[in-house]
Amino acid sequence: MTAREKSAATAAPVRVAVVGAGHVGATFAYSLLLSGLAAEVVLIDVDEKRAQGEAMDLAHAVPFSRPARVWAGPLSDCAGAALTVITAGAGQKPGETRLQLAGRNAKVVRGVAPEIARHNPDGLILVATNPVDVLAQLAQEGSGLPTGRVLGSGTILDTARFRWLLGQHVGVDPRSVHAYVVGEHGDSGVPVWSSASVGGVPVAEFAEQAGKPVDQAARERIASETRRAAYEVIQRKGATYYAIASGLVRLVEAVVRDQRTVLSVSTLVERRHGYPEADGVYLSVPCVVDRSGVSGVLRLGLDDVERAALARSADVLREVRAGVERGG
Ligand code: NAD
């Protein structure tokens with residue numbers, strides 16, 4: 001642990017508020033509890049009974065895990081939280097796209113974001129509810145908090161799936177694969193092949209050496225499996241929650257330990273960041289995440305095909321946003 005991380009880790013008890021104690025919220029709270037990163041975890045849900053039941057069950061796990069106070073409370077209990085994580089709202093039904101959830105979940109986020117900022121003007125808001133990019137942008141605008149302090153979980157999961165599939169293909173630990181999915185968390189997300197690497201070696205070269213070339217067919221398969229992953233899980237078990245919960249805990253760690261970790265999260269992209277085609281849109285590109293939220297945006301080299309795909313992804317998100325404004 002660096003000195004910077006140490007001082008962050010020994011500060012006041014870390015509170016994390018979870019708005020929406022469903023599959024994702026409760027699983028995230030459980031993973032967070034096991035991680036020991038938070039001393040206080042409050043579950044907030046319109047279904048108060050559900051939040052209470054989850055909080056009781058989680059509290060009974062404390063004697064086996066790490067000391068923490070877990071309770072169900074009103075939205076005002078997000079006061080003082082380092083992060084308020086929004087996992088409230090409907091999930092995809094089998095076959096449904098994330099974007100089809102926009103209208104319903106926009107109402108939820110527009111309802112809670114201003115209240116969170118009112119009770120907790122100094123904390124961060126992390127949105128996981130889908131469609132996460134559009135909703136993170138609505139949360140930022142509705143809360144009035146600076147853009148760096150309102151982020152979406154974005155493509156952390158798509159990036160994890162891409163790295164996992166690449167690792168499987170070339171036969172290495174996915175943690176040794178550096179590769180990102182940028183753009184929308186969803187169907188138009190863009191796997192970036194041009195800068196993907198394994199242990200510092202460009203992935204195409206590494207794959208060639210390993211005798212598992214990433215030819216066009218392999219690329220299409222990996223891209224399609226990355227994109228289809230959530231649909232496949234939802235078709236079999238109705239929802240996805242373990243992987244996103246782990247990703248959210250990783251984000252909490254980067255924040256509360258002030259780690260300056262590079263993660264692909266959804267943030268307000270501006271022309272100056274080097275992605276003119278995505279100007280003004282919340283979407284994922286690699287960002288530096290620390291105690292202040294998103295403190296930097298990396299300018300990832302993209303080839304022409306990737307750049308055109310990112311432009312299309314930004315347009316998809318602009319259209320969904322316009323649809324939400326029309327009430328569609
Ligand atoms: P769920 O139905 O199990 O839980 C949603 C919870 O939100 C329910 O308990 C409900 O009572 C609560 N809720 C609804 N409106 C609320 C409000 N105004 N205030 C407080 N609580 C409210 O759904 P889930 O499977 O946990 O999914 C939650 C969201 O997370 C969905 O939008 C889903 O698509 C999304 N998700 C995102 C990712 C990602 O990578 N970002 C991954 C998986 C799921």
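What do strand 1, helix 2 and strand 2 make together? They make a right-handed β-α-β unit, with helix 2 covering residues 23-35. Right-handed here is a matter of viewing: with the strands pointing away from you, the path from the first strand over the helix to the second runs clockwise. Before the close-ups, some ground rules: this is a predicted model, where local features need pLDDT of at least 70 and side-chain atom pairs count only at pLDDT 80 or more, while totals for chains, interfaces and linings use all residues. Residues are numbered from 1 along each chain as its sequence is written, and side-chain values use heavy atoms, with hydrogens and water left out.

**View 1**
Helices (H or I, at least four residues) and strands (E, at least two) are DSSP runs, numbered from the N terminus. Strand 1 takes in residues 15-19, and five of the five are buried, so the rest of the structure largely encloses this strand. "Buried" means under 20% relative accessible area, "exposed" means over 50%, and "partly exposed" is in between (1.4 Å probe, protein chains only). In a regular strand, side chains alternate between the two faces of the sheet. Here both faces are covered: Arg 15, Ala 17 and Val 19 are buried on one side, and Val 16 and Val 18 are buried on the other. Two strands count as paired if DSSP finds at least two bridges between them. Strand 4 (residues 83-86) also runs parallel to strand 1, joined by four bridges, with Val 16 standing opposite Leu 83.

Strand 7 and strand 10 (residues 197-198) are joined by two bridges. In this pairing, His 178 stands opposite Ser 197.

**View 1. Glu 184, a buried charge without a salt bridge.**
Glu 184 sits in the loop between strand 8 (181-182) and strand 9 (190-191). A salt bridge is a side-chain nitrogen of Lys or Arg within 4 Å of a carboxyl oxygen of Asp or Glu. Glu 184 is buried yet has none, and the nearest side chain of opposite charge, Arg 98, is 5.8 Å away. For charges, Lys and Arg count as positive and Asp and Glu as negative, while His and the chain ends are not counted. What Glu 184 does have is a polar contact of 2.5 Å with the side chain of Ser 188. A polar contact is a pair of N or O atoms within 3.5 Å; within protein, one must be able to donate a hydrogen and the other to accept it, and residues adjacent in sequence count only if both atoms are side-chain atoms. Leaving aside neighbours within four places in sequence, the residues in contact with Glu 184 include Leu 99, Asp 133, Thr 155 and Leu 283. Contact means heavy atoms within 4.5 Å.

**View 2. Asp 258 and Arg 260, two residues in one loop.**
Asp 258 lies in the loop between helix 9 (242-256) and strand 12 (261-269), and Arg 260 is in the loop between helix 9 and strand 12 too. Asp 258 has a phi near 50°, a positive value in a residue other than glycine. For Arg 260, phi is near 55°, again positive in a non-glycine residue. Arg 291 is partly exposed, at 45%.

Glu 225 and Arg 221 both belong to helix 8 (residues 216-237), four residues apart, or about one turn of the helix. Their side chains meet in a salt bridge (3.5 Å, N to O). Glu 225 is partly exposed at 35% relative accessibility, and Arg 221 is partly exposed at 34%.
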